Each structure stands twice: as C-alpha cells, then as structure tokens.
Amino acid sequence: MHSIADMGGMQGFGPVVRNDDEPLFKAEWEETTFAVNLLLLAAGCFNIDESRHSMERMAPLEYLKTSYFEHWLHSLEDLLIAKGIVTREEYDARLAQLAVKGSDL
Amino acid sequence: MLPKEMVATAIATGASTLREVDTKPCFKPGDEVRTVNDSPATHTRLPRYAAGKNGTIVACEGAHVFPDKHGHGRGECPEHLYRVRFDSAALWGSSNDGPGAVYLSLWESYLQAEE
Amino acid sequence: MSHQDHTVPPSDPALRIKAIETLMVEKGKIDPGAVAEIVDIFQNKLGPRVGAKVVARAWTDPDFKQRLLADGTEALKELNVSGLQGEAMVVLETTPEVHNVIVCTLCSCYPWTVLGLPPTWYKSAPYRSRIVIEPRAVLAEFGLKISSDCEVRVYDSNAEIRYMVLPMRPDATEDWSEERLVELVTRDSMIGTGIPLSPHRS
C-alpha cells in the first residue's frame, strides 16, 4: 500500500540527525518489545509480512511521531487482538492491573 | 513456544524465505523490464517510487515467499525474485543528484518484459 | 489497592509491553527466560565488530574476497556468520568507480548478522526518504563527498536479501595484520555512509 511507511523519495524531511553515542536500546521496554516480537514470530502467532503490513497501516501522524520499537509494539497489539490470541478485554484488564501496580513494573 | 535453551540456535539459523518452485524464472540478467503500475491498498514490497518504471535485471535471487499474499494469511506462494537496477534518471528524472542507480529485490509478478 | 499513587497513562509503552509479555507467558506462547537470552545476544554477541572482521579477512585474503562477493551467504558461513536477518547475504564491493550504500525505505531492514541492530538514524524518515533520491546530498551530510566519476548505487532492502558494503582498504596498510585492520572498519563504512578510518588517525 502507498502508506506513510512507503517514504522512499519523499521530500522535505530535512537533515539526517545522528547520535553516535546512543545505546542499542534506550529503555527496558524496547528490549522487551524486541524480544517478545521475535519470540511470537518463532511461536507462529503471526508472520513477518503481517507484522510489516500492520505497521504500515498505522495512522500517518502516529507513525511519524513514534519510534521504531513503538511501531513494533503497535503491530503486536494489532495482530494479537485481530487474531484472537488475546481479547481486547483481556488486554485492557491487564493494562489496568499493571497501572494500579505502578512502579512495580 | 521457543524455549530459552533454543534461542541461540534459532537466531543462528534464522528464517530463510528461499523456497523451491516448479517454474523457471521468466527473466534473466540483462533483461529490460518495467514494473507494474499498480496501487494496491494491500501489502506489497514494490515501493511507490519504483512503480511503473523501467529497469534491468541484474541477478536472479531464487524463489522467495511472496509478501503480498503471505502478509494477508494467504499462504507463502513463492515467486522468483530478481535484483533489478533502476538508473536514477529513470526514477527521478532530471532531479537526480548525480550518476547513480537504485537496486530493488522484486518478485516476478511486479515485473513485465520491456521491448 | 496499592498505597503507591504512581499511575502510568495507559499509552505508556512500558505498560503495554508488560501487559503483552505477561499475557503471552500465561498463554504459553513465550518462555519468560527467553527474553533475556535474546537481549543478551544482541547486546553482547552481535554487532558491527562481526562485519569488521569479515571485511579485514576480505582485505587480506583475495580468495576469500572472491568467494564473499560471489556468494555472501556461503562465504560468511566459513566465519560462522549466519542467521536471523542475514539468511541471504549479498556483499557489495565499493571501488573508485562505484560507491554502494544500503537502506530499507519501507521499514528499516538491516543485516543483523554482520552489523547487529541498526542505529536510529538508519530507521529515521530523513534517511529512508532521502538516500534513494539524493544520495550524494545525504552522504555529504555524513562528511562523504563522492566524485562525479563515481556511480552511487543505493540498495533498497525491500525483500529478505540483506546487504553489506565491502569498503575500500585504506592506503598505507599493506603490512597490517588482519587483527589490526579490524580496528579501521567502522559500522558506517559497511552501510556505505562512511569510509574506514585512515591509519594515520587510529
């Protein structure tokens, strides 16, 4: 699809900003997102092409505002719920539980 | 479920998309091709900038799982994959910034013979 | 109810991935110990040093270099380099006439087996959008000026073929050992947005 992700040749994005000192993962949630994604691919919950298609269907503004690993997180939520591996209710309930626990994360 | 003990092996093995198919490749290195001029709202790995453009086959990469189908749960449907060269002028016209080319890996159904 | 009043907004990524992880463990989709294994491999075992060793070997062993350019996947297996996001490797030789640079405009695919995970700039909209249409301008921002006698080839990694650039060996290193040469090979030189260090600087 001609999504926001299909950005080759788009003009106006400005200079490439580099940070040569950055860590591989900026936060623990990035490490976990990365690993969980690979493990669920290995478990056959979804395939890599479904995963890429999920990311390219993100709302354009969201896609541009969020980071690479946030794109992965979006596709995990999208696919796990779409495929019924987790229900929206289960997911929301777990989010609420964890929010109450707060810094126990 | 991939157990912890199998993680290192799984990463070292990877997940190749190369497959055997019964058909021979339609194209060979040196062939002139034109990419389809299509705008599917579904998953494809033909970037918009390379749709409907003229290029040259540089190499055959074997048959690979086809994302346009696989990404929609329609099975692997492997097709022959080619390395295709697009001259910068062909892609960008006079806006190209110097002698150059873009190379893409394109599945057979993205390509049509030219001349 | 916890006495802690620390609440996180539901959109917090840390909360979201914790919810997914815990649910997937409960449903038997994930071995909880496997997460740390994966992170360890990518933090400590994979990374650009792997690719640098391949480059140094190619610079010092012409037969290996020939095999590497003819079939990257098989030649890399000689050095025990193989696996995820490197199952089909093509090594691109940069010469005075041809400068190679890699990108994935559609999503940020990268040759994990030789370079580890990509830097943020590689995944950014400015790089992904501009390197295919104005490579010389982008390379100039990286401090690399390419002469008009040299063709710039941009490889867009839109399928599962993964690329690595074999940069040119710096001058004045004829008598250098392979181990010493490894130190000159930068990550950017294997992406194509830089060149190896010169011996006078290292």
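# Chains A, B and C: questions and answers

Student: Leaving aside neighbours within four places in sequence, which residues is Glu79(B) in contact with?
Tutor: The model is predicted: local features need pLDDT of at least 70, side-chain atom pairs count only at pLDDT 80 or more, and totals for chains, interfaces and linings use all residues. Residues are numbered from 1 along each chain as its sequence is written, while chains are lettered from A and ligands numbered from 1 in the order in which they are written. A contact requires C-beta atoms, placed from the backbone, to lie within 7 Å. With the neighbours within four places set aside, the contacts of Glu79(B) are Ala63(B), Phe66(B), Trp107(B), Glu108(B) and Ser109(B).

Student: Is Glu79(B) buried or exposed?
Tutor: Glu79(B) belongs to strand 4 (residues 79-87) of chain B. A residue is buried if 20 or more other C-beta atoms lie within 10 Å of its own, exposed if 12 or fewer, and partly exposed in between, with C-beta atoms placed from the backbone. Because Glu79(B) has 23 C-beta neighbours inside 10 Å, it counts as buried.

Student: How far apart in space are Glu79(B) and Ala89(B), C-alpha to C-alpha?
Tutor: In sequence, Glu79(B) and Ala89(B) are 10 residues apart. In space, their C-alpha to C-alpha distance is 29 Å.

Student: What radius of gyration does chain B have?
Tutor: The C-alpha trace of chain B spans about 55 × 35 × 30 Å along its principal axes. Taken over C-alpha atoms, the radius of gyration can be set against a globule rule of 2.2 Å times the number of residues to the power 0.38. For a compact globule of 115 residues the radius would be near 13 Å, whereas chain B has 17 Å.

Student: Why is strand 3 of chain C described as largely enclosed by the rest of the structure?
Tutor: Strand 3 of chain C covers residues 151-156. It is largely enclosed because, of its six residues, the number buried is five.

Student: How many residues does helix 1 of chain C give to the side that touches chain A?
Tutor: In all, 48 residues of chain C are in contact with 47 residues of chain A. Helix 1 of chain C gives the most to that side, its share being 12 residues.

Student: Which helices of chain A do the buried residues of helix 1 of chain C pack against?
Tutor: Helix 1 of chain C runs over residues 13-26. Its buried residues include Leu15(C), Ile17(C), Ile20(C) and Met24(C). The buried residues pack against helix 1 (28-42), helix 4 (68-82) and helix 5 (88-101) of chain A.

Key: Helices (H or I, at least four residues) and strands (E, at least two) are DSSP runs, numbered from the N terminus. The expected span of a helix is 1.5 Å times one less than its number of residues. Two residues are in contact if their C-beta atoms, placed from the backbone, lie within 7 Å.
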